[in-house]
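Colleague: I'm new to this one. Can you put it on screen and walk me through it?

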Amino acid sequence: MTAEPPPPPSEPPSAGRTDAADAADAADAADAADLRKDTAVPPPGGNGSGPATPSWIRELDMALTVYPQVLLTGNVRDQYLLPDDHAAGSSETLAPYSLGGVIESMCAARGYGAIAFVDQVNDCIALLRLSATPEQIPQVIRDFVERDERWRRGGGQGPEGSDEDDDEPDMVDRLRDAMVGVVQHPGPPIALVVPYAGRIGSPQAPAAGEVARLFAAAEELGHTARPVQGTSAVTPYNTVFWVVERQEELPREFAVGSRALRVINVPQPPHDQRLAAARHVVGGLARYQAATGGPSLTGEETALAARALADSSHGMGSSEVMAIGRMALDRNLPVQRLDEAARLYRIGVLDNPWATSALRERIAGGEEFLNSKVIGQPHAVRRTLEIFMRSAAGLNGAQASSSPSRPRGTLFLSGPTGVGKTELAKGVAEMILGKDARPIRFDMSEFAEEHARDRLIGAPPGFVGHDAGGELTNAVRANPMSVLLFDEIDKANPRLFDLFLQILEDGRLTDGRGATVYFTECVLVFTSNLGVKAVMVEDPATGRTGNTADGAGGAGGAGEESGREAVDGAGAGGTGAGGTGATAPRTTKREFNRHDDPMLVRQGLREAFDTFFNDQIKRPELRNRFGDNFIPMDFMQEKWVPQILDKAIASVAARVQEVHGAALTLSDDAWEVLRVEATRRLDHGGRGVLTAVESALVNPLAKEVFRSPPRRGERIEVVAVEGDEDGEGYRLEVERWPG
């Protein structure tokens, strides 16, 4: 007489339960163990409140009659909301099925006599009888079940108290014997389920010994198997189900390309299936909320909450949607805030600064704050704040209903060197995350090689450094709410842009270890100086000015070097866009500079941005993901020099006070010398101003302080700044007073 394993811990929902228990069941997702349904297979159609039966289930039903082996891969550890076999009027009631439950229900409908499951936890082969009598079970399966039962009753000892471990074959041997016995069974049809096939052998090393024999036998049995006696007109095979999340985890010897094997990918649930799961959760929670004294929701309110949960769970499985309901129940979150529970589940951060009034206030006053951090860029600051107002209002990505999980904000800052691109990123981090926050910076010039992708997300399995993870994914996993700065993005290897495409579209990335990292709460800042070297074309006769892409021909011809003069419109390449032959006007060409019209410079930067993505790296889809988040930054103008200069001098004075306890001031004459020197270096942007302060103030001041260290409380005034006699430096005239 055969011994069958006890039923799994989760059974179909029963009648007569309280609303609180129903809510708990809905939120708990009926556990992750095999939720078995033992009657008819779910119908292929849907109903008014749920989705149609997924196409992979219909494909699986077809495969049972024509394939002796089936490989299920992809989203195989999820739960699937399908019409409940046990409920009255099952076409209207949905219940969560595990993959084992789906296989059992379909096998029962096809007249299978039993299903054998390889149980890796208990190191045994468990048997589930459907319609077969004990005598109709393959003898090898009965032997294994009886032996396992004796083993359990004896507490690890044989029936006589003797240790049978030496006589017990290992799991690979038992699996091979069970597979042979199942496939060669005359009928009724029997199924064998191997739920963790990727744990048998190694995908990197060749299989040896019993593992090699197992997969050789599996391939041969697939080709020699024949349909067996069944209850339907088209008889099925004795089917072997292999289950693995990622196909690449399978050993090399697994015959994926065999004609006797059907490979079925189980996809992530689309929106309609997540919506069905969300309705399942919201319905239970709404009943529990009303039963415990909370407000009763209208049908429209529950429908709105379910849709919000489905939208916020983009990229998740149905079991995760139902787990969100459990988390909401645990944290006593109302139904209307399930989208917040989804964010908490996704990234594990309890405090959401985007939902606080404090952040709204900081953004409202952000123009003054950012302009104090980044001087001379009022246009870029206004554009930046518009983007973050959209995020704080919850409308980021609202135009793309299919991708609600995009990052909170994306900026592409383009402009000359030294104008404040990095400082703007730092100001954004401080505005959003707090005073001490700093962006996580990646210098993309270090990622110019093709293998640099592995530095960001981690090396794939089998390569050196696989266990270390990637710099980017590790940083976001450690700080889910971050400002990420990708400096000089145009210098990165083109392969890296595929990663950014996924981040900008879906807000997530899979690292080299297969783990998902979410970017939904991050701000991404990209910087570049694309287009700064675009060529300006001037016509002295008319005063008209235009621009071309870097090195491209314009009104005066093509290919002329910057600063050279093109005569009669003929450049190095012949005729130009502004005329032909000797009839074209005389023009000169030069690069952009701070004296050009800002609107023309912004236009040139935008054209270079489009050219880079469309023509150079051929990623127009990535350019579209940036959308209107491209922000050009202006050349530094002379009117901003006093503000930058005062800020730099204040920083020097603060350092002197901090280190030496002395007060530093400058006379008007000394300040004016610094202003003139800073203006002379303004072609290098704000960084040129800082360089002027370093050369004309910090360096000679360091000599003064080194020779005669000030005492605490002393006052130092720089009366004059003069050039050295050799013309290569500066010296200071200072007056000092004791404190």
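Colleague: What does serine 312 touch, leaving out residues up to four places away in sequence?

Modeller: Serine 312 touches Asp339, Ala342, Arg346 and Ser405. A contact means heavy atoms within 4.5 Å. This is a predicted model, where local features need pLDDT of at least 70, side-chain atom pairs count only at pLDDT 80 or more, and totals for chains, interfaces and linings use all residues. Residues are numbered from 1 along each chain as its sequence is written, and side-chain values use heavy atoms, with hydrogens and water left out.

Colleague: Where is serine 312 placed?

Modeller: In helix 8, which covers residues 299-312. Helices (H or I, at least four residues) and strands (E, at least two) are DSSP runs, numbered from the N terminus.

Colleague: Is serine 312 buried or exposed?

Modeller: Buried, because its relative accessible area is 18%. Buried means under 20%, exposed means over 50%, and partly exposed is in between, with a 1.4 Å probe and protein chains only.

Colleague: Switching to glycine 198. Where is that found?

Modeller: Glycine 198 is in the loop between strand 6 (190-194) and helix 6 (209-224). It counts as buried because its relative accessibility is 10%.

Colleague: And which residues does glycine 198 touch, not counting those up to four places away?

Modeller: Val244, Glu249 and Leu250. The C-alpha atoms of glycine 198 and glutamate 245 are separated by 8.1 Å. Those two residues are 47 apart along the chain.

Colleague: How many bridges join strand 21 to strand 22?

Modeller: Eight, and the two strands run antiparallel. Strand 21 spans residues 715-723. Isoleucine 716 stands opposite arginine 736 in strand 22.

Colleague: Last one, the whole protein. How many helices and strands?

Modeller: There are 22 helices and 22 strands. Of the 739 residues, 48% are buried.

Key:
Pairing = 2+ DSSP bridges.
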